[in-house]
Amino acid sequence: MVVAIDGPDRREAIARQVLEALPDWFGSAESREAYIRGSRVQPFWADVEDSVARGFLALKETSPYTAELAVMGVLPEYHRQGVGRALFEAFRRYAGAKGYAFLQVKTVREGCYAAYDQTNAFYRSLGFRELECFPTLWDAWNPCQIYVMTV
């Protein structure tokens with residue numbers, strides 16, 4: 001069941017538990033810690049079953065019109081079971097209720113790493129479309145692909 005999570009300490013604990021279990025996506029300790037810190041203060045949802053957080057998603061406002069899927073993670077044993085899609089639908093409903101017109105997400109461009117190829121396919125399956133790639137926004141080894149969609 002997807003629920004909104006209040007309380008920065010609970011958000012941080014869930015984000016840490018999930019992101020540390022995903023080294024193929026969040027292997028850089030510096031960037032992982034930045035995501036975890038950010039999640040303390042962002043609107044945050046978790047998929048919880050039997051008191052276990054199976055995944056989470058945090059929202060970042062990038063403009064009065066745009067909400068960004070700031071960070072999302074699902075424990076590996078729950079991949080491809082609808083957890084990520086359910087989290088995204090909670091995010092989309094919230095963004096619509098708050099009046100955002102657009103949603104965006106950033107990821108590593110397809111073709112760089114197999115794990116991120118799966119991520120790109122997942123975002124496209126949700127309805128996101130490529131906006132632009134910034135080859136050096138993060139660094140030369142991780143070209144930043146931005147996807148967008150209307151709410």
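Visitor: Let's start with C144: buried or exposed?

Guide: Buried, in this predicted model. The relative accessible area of C144 is 0%.

Visitor: Which cysteine sulfur is closest to the one in C144?

Guide: That would be the sulfur of C133, at 6.9 Å. The distance is too far for a bond.

Visitor: What does P143 touch, leaving out its neighbours within four places in sequence?

Guide: P143 is in contact with T107, V108, R109, C112, C133, F134, P135 and W138. Take C133 from that list: it is ten residues from P143 along the chain, and their C-alpha atoms are separated by 6.8 Å.

Visitor: Which residues make a nonpolar patch with F134?

Guide: L137 and W138. Together the three have about 280 Å² of accessible area on the surface.

Visitor: What about the other tryptophan around there, W141: buried or exposed?

Guide: Exposed, at 62% relative accessible area. W141 lies in the loop between β6 and β7. The C-alpha atom of W141 is 9.0 Å from that of V108, and the two residues are 33 apart along the chain.

Visitor: Let's go inside. How many residues are in the largest nonpolar core?

Guide: There are 21. L69, F88, F91, L103 and F128 have the most contacts inside this core. The elements giving two or more residues to it are β3 (52-63), β4 (66-74), α4 (83-97), β5 (102-108), α5 (114-126) and β7 (142-150).

Visitor: Which element gives the largest share?

Guide: α4, with six residues.

Visitor: Pick out F91 for me. What does F91 touch, not counting residues up to four places away?

Guide: F91 touches W45, L57, L59, A67, E68, L69 and L103. Two of those, L69 and L103, are also among the residues with the most contacts inside the core.

Visitor: What is in the second core?

Guide: The second core is separate and has 15 residues, including I14, I36, A53 and L75.

Visitor: Time for charges. How many salt bridges does a search of the whole structure find?

Guide: Eleven. One of them joins E12 and R16, with the closest N and O atoms 3.5 Å apart.

Visitor: Where do E12 and R16 sit relative to each other?

Guide: They are both in helix α1 (residues 8-20), four residues apart, so about one helical turn separates them. E12 is partly exposed at 23% relative accessibility, and R16 is partly exposed at 24%.

Visitor: Which other residue forms a salt bridge with E12?

Guide: R40 does, with the closest N and O atoms 2.4 Å apart. R40 is in the loop between α3 (29-39) and β2 (44-49), while E12 is in helix α1, so this pair ties together parts 28 residues apart in sequence. R40 is partly exposed, with 25% relative accessibility.

Visitor: Which residues are linked with those in a network?

Guide: The network of salt bridges links D9, E12, R16, E20, E33 and R40.

Visitor: Last one, D47 and R54: buried or exposed?

Guide: Both are buried. D47 and R54 form a salt bridge, and their closest N and O atoms are 2.6 Å apart.

Conventions. Residues numbered from 1 in each chain as written. Predicted model: local features only at pLDDT ≥ 70, side-chain atom pairs only at ≥ 80, totals over all residues. Heavy atoms only, no water. Core = buried A, V, L, I, M, F, W, Y, C linked by side-chain atoms within 4.5 Å. Buried < 20%, exposed > 50% of the residue type's maximum accessible area, 1.4 Å probe, protein only. Contact = heavy atoms within 4.5 Å. Patch = residues over 30% accessible without salt bridge, like charges linked within 9 Å, V, L, I, M, F, W, Y side chains within 5 Å. Areas by Shrake-Rupley, 256 points an atom, 1.4 Å probe, with all protein chains shown as cover. Salt bridge = Lys/Arg side-chain N within 4 Å of Asp/Glu carboxyl O. Disulfide = S-S within 2.5 Å.
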